[in-house]
Amino acid sequence: MILVSSCLAGLEVRYNGTHSLDNRISKLVEENKAVTICPELLGGFSTPREPAEIVGGDGEDVLDGKAKVVEKSGKDVTELYIKGAYASLEKAKKINATIVVLKENSPSCGSSMIYNGEFKGKKIVGNGVTSALFKRNGLQVISEDQFIESLY
């Protein structure tokens, strides 16, 4: 079973209330070949919500207590991101996910690139919190771009 970010399947769950629909991913969900997940909603956030970025590292550092997730206004929301990551991991285990396709650049779901924590649109190499936790637990995590490339 494939686990996918809800926003990639067309659900309007991103911080600004939009989606990142990829029709091929949406089709997999419709065919019951994929299950959707939104770590931020599982962590307790609502939609829309303030944008957040990881400050002081990446998702690995957040899990190790060396970095935090902060909203643009400065509010520390690290605990909610960690809570969402662990709830997402439980769901992945429950459905026996073999591959996880997560939205790139997200502080939760980025699997190779995230924003640098300055809220200026600059990206750095790194994992989001959920992506880092999944990888620590042996799950294969790829971005939507890597997934689409693998289809061809």
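A search of the whole structure finds 0 disulfides. Keep in mind on this tour that the model is predicted.

**Stop 1: the cysteines**

A disulfide is a covalent bond between the sulfur atoms of two cysteines. To count here, the two sulfurs must lie within 2.5 Å. Select Cys38 and show its side chain. Which cysteine sulfur is closest to that of Cys38? The one in Cys109, but the gap is 6.7 Å, too far for a bond. Cys38 is buried, with 11% relative accessibility.

Now select Cys109. Its closest cysteine sulfur belongs to Cys7. That distance is 6.7 Å, again too far for a bond. Cys109 is buried too, at 6% relative accessibility.

**Stop 2: a cis peptide bond**

Select Thr47 and Pro48. The peptide bond from Thr47 to Pro48 is cis, and its omega is near -5 degrees.

**Stop 3: helix H4 against helix H5**

Two packed helices are described by the angle between their axes and the distance between the axes. Select residues 78-94 for helix H4, then residues 129-136 for helix H5. Their axes are 9 Å apart and meet at an angle of about 45 degrees. H4 and H5 are therefore oblique to each other. The crossing of H4 past H5 is right-handed.

Which residues make the contact? On H4, select Tyr81, Ile82, Gly84, Ala85, Tyr86, Ser88, Leu89 and Ala92. On H5, select Val129, Thr130, Leu133 and Phe134. Colour this H4 and H5 contact by class: 9 residues are nonpolar, 3 are polar and none is charged.

Look again at the numbers in that list. An α-helix has 3.6 residues a turn, so residues three or four places apart point the same way.

**Stop 4**

How many of the 8 residues of H5 are buried? The count is 6, so H5 is largely enclosed by the rest of the structure. Pick out Val129, Thr130, Ser131, Ala132, Leu133 and Phe134 to see the buried ones. Then step past the helix to Gly138, which follows H5 and has a positive phi, near 80 degrees.

**Stop 5: two asparagines with positive phi**

Select Asn96, in the loop between H4 and strand E5 (99-102). Asn96 is not a glycine, yet its phi is positive, about 55 degrees. Is Asn96 buried or exposed? It counts as exposed, at 58% relative accessibility.

Move on to Asn105, in the loop between E5 and strand E6 (113-115). Asn105 also has a positive phi without being a glycine, here near 80 degrees. At 15% relative accessibility, however, Asn105 is buried.

**Stop 6: Gly110**

Stay in the loop between E5 and E6 and select Gly110. Its relative accessibility is 0%, so Gly110 counts as buried.

What else is in contact with Gly110, leaving aside its neighbours within four places in sequence? Besides Gly128, the partners are Lys103, Glu104, Asn105, Gly126, Asn127 and Ser131. Two of these names come from earlier stops. Asn105 is the buried residue with positive phi near 80 degrees. Ser131 is one of the buried residues of H5.

Terms used. Residues numbered from 1 in each chain as written. Predicted model: local features only at pLDDT ≥ 70, side-chain atom pairs only at ≥ 80, totals over all residues. Heavy atoms only, no water. Buried < 20%, exposed > 50% of the residue type's maximum accessible area, 1.4 Å probe, protein only. Axes fitted to C-alpha atoms, helices over the stretch in contact; angles between N-to-C directions. Helix = DSSP H or I, 4+ residues; strand = E, 2+ residues; numbered from the N terminus. Parallel < 35°, antiparallel > 145°, perpendicular 65-115°, else oblique. Left-handed = near helix turned anticlockwise from the far one by under 90°. Contact = heavy atoms within 4.5 Å. Nonpolar A, V, L, I, M, F, W, Y, C, P; charged D, E, K, R; others polar.
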